[in-house]
Amino acid sequence: LETIGDTLFLSSGGGGIFRSFDMGLSWTSVGFQGYNLGDLACNGKDLVAINGGGGIYLSTNLGLSWADLTPRINPSLLTQFHLTNALFIGDTILTGYRALQGTGILKSTDLGENWKKIQFTPGPSKLVRYDSTLFAVAGRSVLSSKDGGESWSKTVDAVWLGGYSSLTDFYKKGSLLLCIHEDIYEGGGMMMSKDGGTTWSSFQNNLLQATVSSFLIDGNVILA
């Protein structure tokens, strides 16, 4: 779900993108039925839609029309690629990719006119922004970048949790960062940071034999 002012946008996967002008009371389709949409990203005034099968689209008029940015990704850069989660900050678009040439992040600083790839393995399944720091879930680790995604360092590693943990999702909620992890033998849990990812507290021991798929924060209460 993304918002531009009072307008809501919802990606429904293969059902397309829907728009609401009345805070969700009614919805209108703005296209992409039958597409394998993986994500929507917003910079406050424009929208980017990601097709997991390998497409990226830009709307600058609240979804009335969409420009296909995919042909602007030079074939010498990537071929036969799949895109994952996206971030949209000002004129900068970042999206994770998997391709014949490897995995990493595609980055454009001019609304998709030109692209560069920043390779690392495994590629990110989710991208999150916290103030000026970017975070990426990459396999069993969370990586952070303080230079707009040009370089990355490890912030959280599932190996630190022991067992056979794997990281499944990563969220920002206000001033909190939460990382969800699962263990095939011991269940799942969450790690939380209150200082932008510098230090983390684990909730693993309180959620043994449980699989955490989502959470809700209401004041000081966390429901998982």
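Modeller: β13 and β14 form a hairpin, with two residues between them. Asp131 sits in the turn and has a positive phi of about 50 degrees. This is a predicted model: local features need pLDDT of at least 70, side-chain atom pairs count only at pLDDT 80 or more, and totals for chains, interfaces and linings use all residues. Residues are numbered from 1 along each chain as its sequence is written, and side-chain values use heavy atoms, with hydrogens and water left out.

Strands here are DSSP runs (E, at least two residues), numbered from the N terminus. β13 covers residues 126-130 and β14 covers residues 133-138. The two pair in the antiparallel sense over five bridges; pairing requires that DSSP finds at least two bridges between two strands. Arg129 has Leu134 in β14 as its bridge partner. Four of the five residues of β13 are buried (under 20% relative accessible area, 1.4 Å probe, protein chains only).

Now the sheet. β5-β6-β7-β8 is the order of an open, antiparallel sheet of four strands. β5 (37-42) and β8 (67-68) are its edge strands, each pairing on one side only. β7 (residues 55-59) meets β8 over two bridges, and Leu58 stands opposite Ala67 in β8.

Last, the core. The largest nonpolar core has 18 residues (buried Ala, Val, Leu, Ile, Met, Phe, Trp, Tyr and Cys, joined through side-chain atoms within 4.5 Å). β6 (47-51), β7, β9 (82-89) and β10 (92-99) each supply at least two of its residues. Ile93 is among those with the most contacts inside this core.

Notes: Buried means under 20% relative accessible area, exposed over 50%, partly exposed in between (1.4 Å probe, protein chains only).
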